[in-house]
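Hi everyone, thanks for making time.

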Amino acid sequence: TEGVCSSCSLGCNVIYQHEGQLIYKVTPNRLKDDGVLCKMGKFEFDYINKSNRITRPSVKIKSVNTDISFEDVKIEFVLKLKSIKYLHGKDSIGFLVSQSLTNEELALVRELSTQLETNMIGSVNVTGSDAQSTVKYEELNNAELILAVGNVYESFAPMGVKIKNLKRPLISVSTNGTRLDHFSNASYQAQNLETLFTDVLGYLTGKNKNVLGNNQAEQIANAYKKANKPIIVIDELTVSPTIQKLLKEMAVTTRKINKPHRGLLTLKKEANAQGAIDLGFIKSGNEILSKAKGGSIKALVVIGEEEVDISEIDVEYLVAMSMFPNDLTEKANLVLPLVSLAESSGTLTRTDGTVQKTNMAIKPKTGKSNYDMFNEFINYLVPQA
Ligand code: SF4
């Protein structure tokens, strides 16, 4: 079955090999891509087959988790959240949502949040940087300069291979060196990339005279200035939001953005990070959690986010939707099972904004897709005419 890899925002197309309900191999879809997958995309799918997955909803009654049906959980979930909205008003419910859900699932969660009158919707991985991609992958083919920043090859191997094979003029900048250095026309390492790119920007704008004498910055600035069509490729895993802002400013200052073959390509962690941002999930995890800690958020709904520290948070109502038991499901008042992308159909927006379709390879092991579960909540919350 044709699908899209769920492990990062690069959106590599895959073929799920499966027999019955067992996924046994993931291979690249060579009809759609270059035929390269990283180790994670190729080998880390076994979690789908694990036997310790959560398969039924449960509710905490007197500190004991008790299984309930999907029918009953719908009533419990909707009525409780409605009553919290009624009692505490707008923005009293927070949604922390994984950027790995499909666009269709996210749109339903968005609708839920609208009906419950809350703007407190976001994801743990929202960084606060607005350096979104402005070019498509194909535009790299004609770039006059690719400026790769961070560990692009190590973090996103298929993109590293693509850049290597394109043989376009390449400058690689990282903290401690990267594999892409070997294929670049020039490579630079700097312990403090923020200082380096502040100086590059200083050279480009001519405003900061203090930067004179920084050879690395001057060389990068000159090469960038000289290229009519430069594309900056940013590894978000190793490049901080502050540096991303500087890189965007370089492109904006020199007007090398929002035109074909020039701009930014930002490589993000989660599979549908761009789709989630486009659908309005733009609050950071820190903001939502601090509001929950401060008491203005009374109910917190955490959907597919595993790395949430709720040790200091004591909300009135905590809902955890997850594939596996964890600290969050342990503490939650209500637990709902999620399914993987291999058990879902829908679309994902890869990091360059291209929307790709992914197909259900195996039936949901919980008996219900995420989409159907969210849809039932909406239909119960807003009865159809
Ligand atoms: S680079 Fe990302 S999308 Fe591609 S195979 Fe690896 S994890 Fe999956």
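I'll start with the ground rules, then take the helix, then the cores.

This is a predicted model, so to speak of local features we need pLDDT of at least 70, and side-chain atom pairs count only at pLDDT 80 or more, while totals for chains, interfaces and linings use all residues. Residues are numbered from 1 along each chain as its sequence is written, and side-chain values use heavy atoms, with hydrogens and water left out.

Which residues of α10 are buried? In this helix, residues 285–294, they are Gly285, Ile288, Leu289 and Ala292. Buried is under 20% relative accessible area, exposed over 50%, and partly exposed in between, with a 1.4 Å probe and protein chains only. Helices (H or I, at least four residues) and strands (E, at least two) are DSSP runs, numbered from the N terminus. Down the axis of α10, the buried residues fall within an arc of 95°, so they line one face; that arc takes the directions from the helix axis to the C-beta atoms. The face turned away carries exposed Asn286 and Gly294. Just after α10, glycine 295 has a positive phi of about 100°.

Now the cores: sets of buried Ala, Val, Leu, Ile, Met, Phe, Trp, Tyr and Cys residues joined through side-chain atoms within 4.5 Å. The largest has 36 residues, and Phe77, Phe95, Ile303, Met321 and Phe374 have the most contacts inside it. Helix α2 gives the largest share of this core, 6 residues. Apart from it lies another core of 32 residues, among them Phe45 and Tyr137.
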